Amino acid sequence: MKMGFITSLLDGWTYEEMIDEVSRMGIECVEVACWPAGKAERKYAGVSHIDVERVLSDDAYAAHVLDYAAQKNVRICALAYYPNNLDPDPERRRAFNDHLLACIDAASKLGVPKVTTFIGRVTDKSLEENLELLPEVWDPILARAEERNVLVCIENCPMLFDASNWPGGQNIMTTPANWERVFDILPSKNLGLALDPSHFVWQMIDCGAAIRDFADKIFHVHFKDIKLKRDELARRGTMAYPLDIMEPKIPGLGDVDWADFVSQLSMIGYEGDACIEVEDAAFEGSHERLVKSVELSKRYLEQFVI
């Protein structure tokens, strides 16, 4: 298993600054944030450490991206872009899908094996209605991924935070039951999972069973934690806005059983990338605290990662 880091935490840092810091910390690989230029629509989005359009048009820039990482002994394991790929607005959906295709093309050009993203969801439509949309939107994307020999890894975050995402969130690929239905509709060998155990804690899902049942579809792993607010859960119930009953934390400060999680991965023979993802508000506010959050996460997880 290779210890990595998703770079969306480091908003405003240059590619070189990010690679320098990752190298100093001894992290092996990076899942590099690749949003298009522009204002972020939500926290930890809108970050761009690699300009994928420039990668496709500028060979010297593409070579620099690879050479700089190699000089610092850091490997680019994935390009990250997490929009709502089923956005109900046709123009927004087209823009999101087009940029995802550019990420796939750029990954192929750079020799990066994976792109990480969300399937998406029309928030106010049923699961069944969303499933009907999948072939139209996703068949062309997956055809491009197969042509370019790039894996598409879907994270299991429901993207449900507040009233604007209620009731369904912005991602249907959230549970093993939903995974099964999506993989039946989209049987591409290039479509798999970016598995994040933190989202299973508050959904009360058996993470070990999910790992065993979908062993061949786990292409990528995130190391992120959450802390349940059990008093609020008891008062509000599981149908509350998720951020009312839980809080994202760095690994080791939440409720994920990391020993069991890594053990389950080892039992299915997972030897891929596992990227630290930090969304812990307690470490915001300064450059130094952001770096400290990654250092503490790495130190804690090293006792488990094989």
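In the predicted model described here, helix H1 (residues 15-25) and helix H3 (residues 59-71) pack with their axes 10 Å apart and at an angle of about 20 degrees, where axes are lines fitted to C-alpha atoms, for helices over the stretch in contact, and angles run from 0 to 180 degrees between N-to-C directions. This angle makes H1 roughly parallel to H3, a label given to angles under 35 degrees, while those over 145 count as roughly antiparallel, 65 to 115 as roughly perpendicular and the rest as oblique. From H1, the residues Tyr15, Glu16, Ile19 and Asp20 make the contact, and from H3 the residues His64, Val65, Tyr68 and Ala69, contact meaning heavy atoms within 4.5 Å. Helices (H or I, at least four residues) and strands (E, at least two) are DSSP runs, numbered from the N terminus.

Residues are numbered from 1 along each chain as its sequence is written. Because the model is predicted, local features need pLDDT of at least 70 and side-chain atom pairs count only at pLDDT 80 or more, whereas totals for chains, interfaces and linings use all residues, and side-chain values use heavy atoms, with hydrogens and water left out.

Helix H6 (residues 176-185) has a buried side, formed by Asn178, Trp179, Val182 and Phe183; these residues cover an arc of only 130 degrees around the axis, which puts them on the same side of H6, the arc being that of the directions from the helix axis to the C-beta atoms. Buried means under 20% relative accessible area and exposed over 50%, with partly exposed in between (1.4 Å probe, protein chains only). An α-helix has 3.6 residues a turn, so residues three or four places apart point the same way. On the face of H6 turned away from the buried side lie the exposed residues Ala177, Glu180 and Asp184, while the cover over the buried residues of H6 includes helix H5 (127-148), strand E6 (191-195), helix H7 (198-203) and helix H8 (207-213).

In the loop between strand E5 (151-155) and H6 lies Asn156, which counts as buried at 1% relative accessibility. Not counting residues up to four places away in sequence, Asn156 touches residues including Trp179, Leu195, Asp196 and His199, and the side chain of Asn156 reaches the backbone nitrogen of Asp196 at 2.8 Å. This is a polar contact, defined as a pair of N or O atoms within 3.5 Å, of which, within protein, one must be able to donate a hydrogen and the other to accept it, and residues adjacent in sequence count only if both atoms are side-chain atoms.

Asp196 itself is found in the loop between E6 and H7 and, at 0% relative accessibility, also counts as buried. The side chain of Asp196 is joined to that of Ser198 by a polar contact of 2.7 Å, and to the side chain of His199 by one of 3.3 Å. Leaving aside residues up to four places away in sequence, Asp196 touches Glu155, Asn156, His222, Lys224 and Glu277.

Two further buried residues were examined. Tyr44, in the loop between strand E2 (29-33) and helix H2 (52-57), is buried with a relative accessible area of 15%, and the residues it touches, not counting those up to four places away in sequence, include Ser8, Trp35 and Glu284. Asp105 of helix H4 (residues 90-110) counts as buried at 15% relative accessibility and touches Leu56, Arg144 and Arg148, again not counting residues up to four places away in sequence.
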